[in-house]
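Me: Let's go through this model by question and answer. Please keep it brisk.

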Amino acid sequence: MHELSITQNILNIALEHADKHHAQRITAIRLVIGQLSSFVDDAIQFYWDIISDGTQAKGAQLVFQRVPARLQCQACGHDYPLDGESYACPRCGQDAAKVVGGREFYIESIDIQIAEDNNSR
Amino acid sequence: MTVKTISIQENILNANDSLAAQIRTWLTENRVFAVNMMASPGAGKTSLIERTISGLSGKRRVAIINGDTTAASMDAERAQKVGALAIHVNTGGNCHLEAFMVRSALDALDLSGIDLLIVENVGNLVCPSGWDLGTHRRVLVASIPEGADKPYKYPSMYSGVSAVVINKVDLLPYVPFDMDYFRKGIEALNPNTAIFPLSCTTGEGVNAWLEWLERQMAFYAG
């Protein structure tokens, strides 16, 4: 139950960047969310519709890119997905892995509308 | 009207993380070693805190910031009873502590009188993992009755921790628990993590945990 504050953060960051570029409207926001970050797309979308109302980001499409969690074996270097009932390396059998993917949680980009006469700014 | 794509690449938790970094610097400057203690409800965080305060009594000064989802402050009171400064933080139903909550709680503590700050997070094996609280180390408290599969079911919580305490080892004769499987899960996710099997009820294994804390404090608190 923490997606509300997360959604507020997303809105704040997007509005701040839109303002810097003199945007009239934000039409899309691309989010990269790793498997190990505990955030639920549906909940973010639900709060988004409510809290973006009345802002330049109202109606913006949220695009979620999910990144699977990955482990890298520190013994043989093999890269494999983090899932299931064992973390042992499927290639060499060692239990010495490092989490190399899945913690991502950032805004990659936004699409904004700019008035023609602002293009030169 | 033109549409333009702007690259942002900004962490959604930036506001929390930069405040956490400030807190960490502030604590380090004040020679306070801080731990973010996370666990599921009932693993024994408060019992471990009581053991820790008693074990360090007379040697180190301990303060507790205790996060709970309600105004019920019995955990903070338990810590106070055994001699620690304890601040209760009511998260108002929120499932985890955030850096700003720790920041406000710190206003009520005189850091010059503290060697060890334990931030007792809300009992939850999912949400607290995402939030940096400005502590130096993250410690997970697990317990035997929870089962040995937890590192595999909650990888986000079980990765990125400096130490794992396995509480309630006095129950090992009565509860099936594959210690080897459990340890493998932790070690795979955190190759250099310290693991402390112990019992807050009998006191078995508590000294190794206290020695680990003492080593961290020698570094951060002097």
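**Strand pairing and packing**

Me: In β5(B), which residue is the bridge partner of V62(B)?
Reply: Strands here are DSSP runs of E with at least two residues, helices are runs of H or I with at least four, and both are numbered from the N terminus. Two strands pair if DSSP finds at least two bridges between them. β3(B) and β5(B) pair in the parallel sense over five bridges. In β5(B), the bridge partner of V62(B) is L116(B).

Me: What conventions apply to the model?
Reply: This is a predicted model: local features need pLDDT of at least 70, side-chain atom pairs count only at pLDDT 80 or more, and totals for chains, interfaces and linings use all residues. Residues are numbered from 1 along each chain as its sequence is written, while chains are lettered from A and ligands numbered from 1 in the order in which they are written.

Me: Which strands of chain B stand at the edges of the open sheet of seven strands?
Reply: The order is β4-β3-β5-β2-β6-β7-β8 (chain B), with parallel pairing. Each edge strand has a single partner strand, so one side of each is left without a neighbour in the sheet. Those edge strands are β4 and β8 of chain B.

Me: By how much are neighbouring strands of this sheet turned against each other on average?
Reply: Axes are lines fitted to C-alpha atoms, for helices over the stretch in contact, and angles run from 0 to 180 degrees between N-to-C directions. For this average, direction is ignored. The value is 20°.

Me: What angle does α2(B) make with β5(B)?
Reply: Contact means that two C-beta atoms, placed from the backbone, lie within 7 Å. α2(B) packs on the sheet and touches β2 (33–39), β3, β5, β6 (137–143) and β7 of chain B. Its direction makes with that of β5(B) an angle of about 170°.

Me: At what angle does helix α8 of chain B run to β8(B)?
Reply: α8 spans residues 206–220. This helix lies across β2, β5, β6, β7 and β8 of chain B. Its angle to β8(B) is about 145°.

Me: Which helix joins β7(B) and β8(B) in a right-handed β-α-β unit?
Reply: β7 (residues 163–167) and β8 (residues 194–197) of chain B pair in the parallel sense over four bridges. V164(B) has I195(B) as its bridge partner in β8(B). A crossover is right-handed if, with the strands pointing away from the viewer, the path from the first strand over the helix to the second runs clockwise. The helix in this unit, residues 179–189 of chain B, is α7.

Me: Which residues of α3(B) are buried?
Reply: A residue is buried if 20 or more other C-beta atoms, placed from the backbone, lie within 10 Å of its own, exposed if 12 or fewer, and partly exposed in between. In helix α3 (residues 74–81) of chain B, the buried ones are D75(B), A76(B) and A79(B).
They cover an arc of only 100° around the axis, taken from the directions to the C-beta atoms, which puts them on the same side of α3(B). On the other side, the exposed residues are M74(B) and K81(B).

Me: What radius of gyration does chain B have?
Reply: The globule rule is 2.2 Å times the number of residues to the power 0.38, over C-alpha atoms. With 222 residues, a compact globule would be near 17 Å. Chain B agrees with that, at 18 Å.

Me: Which strand of chain B is an edge strand of the open sheet of four strands?
Reply: The order is β2(A)-β1(A)-β6(A)-β1(B), with mixed pairing. β6(A) and β1 (residues 2–11) of chain B pair in the antiparallel sense over eight bridges. Each edge strand pairs on one side only. On the chain A side this is β2 (61–67), and on the chain B side it is β1.

Me: Which element gives the largest share of the side of chain A that touches chain B?
Reply: 35 residues of chain A are in contact with 31 residues of chain B. The elements giving two or more residues to that side of chain A are α1 (3–20), β5 (97–101) and β6 of chain A. The largest share, 10 residues, comes from β6(A).
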